[in-house]
Amino acid sequence: MQPRNMSMSGVVDLAAVKAANEAKAKAEQARAEAARQGGGGAVPPAALVIDTDEANFERDVLQRSTEVPVVIDFWAEWCEPCKQLGPLLERLAAEYNGRFVLAKVDVDANQMLMQQFGIQGIPAVFAVVAGQALPLFQGAAPEAQIRQTLDQLVQVAEERFGLTGVAVDADASGESAEAPVPAGPYDALLEAAVQALDAGDFGGAVQAYKNVLSDDPGNTEAKLGLAQAELLGRVKDMDPQKVRQDAAGDPADAAAQIAAADLDLVGGHVEDAFGRLVETVRRTAGDERDAARVRLLELFEVVGPDDPRVTAARQALARVLF
């Protein structure tokens with residue numbers, strides 16, 4: 001699936017009678033189920049633009065696409081054209097008033113999604129309609145062309161899949177549409193995790209942090225603590241000398257480089273750890289490459305997304321991947 005410039009030809013390809021009817025039936029079933037459960041009501045304007053990621057993509061995009069077309073904006077902070085296109089798409093989402101929902105995906109933080117959609121450059125814009133992915137366009141484009149593409153998308157979604165969009169309540173603040181805030185507090189669980197870390201019980205710390213995240217997936221302290229506990233658990237039984245010998249002896253051995261990167265980070269050599277894994281991604285392919293990429297993303301969690309070394313490493317990773 002490759003992006004194409006300002007074309008809805010992908011929709012025509014999907015418009016075979018059988019495929020369209022099956023997708024439409026699934027969408028109708030999903031809407032009926034949502035109605036039985038009390039869903040499907042009007043949404044606040046703020047709900048028309050969302051930030052999503054790999055963990056929530058199924059809920060935010062695939063499931064939602066059974067009710068309304070979802071336009072996906074793949075972007076990155078360092079991408080200048082993205083900074084022009086993003087606000088335009090957000091404005092159009094508000095103007096189209098529920099006929100589509102805009103989902104924004106930061107490719108630096110969600111590179112698996114970027115690979116799955118076959119994206120070669122950003123900004124790239126796709127749509128998902130009744131679970132069907134459709135390439136819309138890549139790169140910046142004039143507003144008139146974007147409007148034409150969105151008009152075609154809305155038309156196809158309604159005619160082929162029976163999706164008429166969602167109702168928008170202009171007076172709603174959006175608070176009621178958000179998921180309820182977990183009850184908490186989690187002080188006791190977080191304290192138990194810290195105590196387990198201090199005692200060298202990394203498995204116990206991991207479980208304590210996971211207990212928090214099961215109720216509150218966005219808990220920053222628990223996410224950071226979990227990443228740290230998992231890292232410490234991985235390195236506790238390592239023989240540092242052997243690990244570094246193995247890594248030095250075979251730069252293409254992904255497993256050896258991943259282990260050495262863990263040691264680098266525990267030792268405070270953040271840039272060395274990141275650089276080692278970026279280089280491993282560049283050298284390897286297939287499962288080994290993916291393992292190095294995933295470990296690098298895990299180490300980003302340990303250091304924290306706001307650290308400038310993480311930002312620089314994300315950009316380096318994007319360059320070797322794409």
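**Group meeting talk: a predicted chain, part by part**

Of the 322 residues in the protein chain, 44% count as buried. Buried means under 20% relative accessible area, exposed means over 50%, and partly exposed lies in between, with a 1.4 Å probe and protein chains only.

Now the ground rules. This is a predicted model: local features need pLDDT of at least 70, side-chain atom pairs count only at pLDDT 80 or more, and totals for chains, interfaces and linings use all residues. Residues are numbered from 1 along each chain as its sequence is written, and side-chain values use heavy atoms, with hydrogens and water left out.

Next, the overall layout. The protein chain has 14 helices and five strands. Helices (H or I, at least four residues) and strands (E, at least two) are DSSP runs, numbered from the N terminus. Contact here means heavy atoms within 4.5 Å. Take contacts in the protein chain between residues at least 6 apart in sequence: 71% of them join residues at least 24 apart.

On to the aromatic rings. How many aromatic pairs does the structure hold? It holds six. Rings of Phe, Tyr and Trp (its six-membered ring) pair if their centres lie within 6.5 Å; planes under 30 degrees apart count as stacked, over 60 as edge-to-face, and the rest as tilted.

Start with Phe 57 and Phe 117. Their ring centres are 5.9 Å apart and their planes stand at 75°, so this pair is edge-to-face. Phe 57 lies in helix H3 (residues 57-63), and Phe 117 in the loop between helix H5 (111-116) and strand E4 (124-129), so the pair ties together parts 60 residues apart in sequence. Are these two residues, Phe 57 and Phe 117, buried or exposed? Phe 57 is buried, and so is Phe 117.

Then Phe 74 and Phe 126. This aromatic pair is edge-to-face too, at 6.0 Å centre to centre and 85° between the planes. Phe 74 sits in strand E2 (residues 70-75) and Phe 126 in strand E4, so to speak distant parts of the chain, 52 residues apart. Phe 74 and Phe 126 are both buried. Ring pairs link Phe 57, Phe 74, Phe 117 and Phe 126 into a cluster.

Stay with strand E4. Ala 124 lies in this strand. Ala 124 has 0% relative accessibility, so it counts as buried. What does Ala 124 contact, leaving aside its neighbours within four places in sequence? The list is Ile 72, Asp 73, Phe 74, Ile 119, Phe 137 and Gln 138. Ala 124 and Cys 82 are 42 residues apart in sequence, and 8.8 Å apart in space, C-alpha to C-alpha.

Now some backbone details. Most residues other than glycine have a negative phi, and most peptide bonds are trans. Which peptide bond is cis, with omega near 0°? The one from Ile 122 to Pro 123. Pro 123 has its place in the loop between H5 and E4.

Two residues have a positive phi without being glycine. Asn 97 has phi near 55°, and Ala 130 has phi near 50°. Asn 97 lies in the loop between helix H4 (80-96) and strand E3 (101-106). Its relative accessibility is 46%, so Asn 97 counts as partly exposed. Ala 130 is found in the loop between E4 and strand E5 (132-138). With 10% relative accessibility, Ala 130 counts as buried.

Last topic: helix packing. Axes are lines fitted to C-alpha atoms, for helices over the stretch in contact, and angles run from 0 to 180 degrees between N-to-C directions. Angles under 35 degrees count as roughly parallel, over 145 as roughly antiparallel, 65 to 115 as roughly perpendicular, and the rest as oblique.

Helix H10 (residues 240-249) packs with helix H11 (residues 254-266) at about 130°, their axes 8 Å apart. That makes H10 oblique to H11. On the H10 side, the contact is made by Pro 240, Val 243, Arg 244, Asp 246 and Ala 247. H11 brings residues including Ala 256, Gln 257 and Leu 263.

Finally, helix H13 (residues 286-303) and helix H14 (residues 308-321). Their axes come within 10 Å and cross at roughly 165°. That makes H13 roughly antiparallel to H14. Among the residues that meet are Leu 296, Leu 297 and Phe 300 in H13, and Val 310, Ala 313 and Leu 317 in H14.
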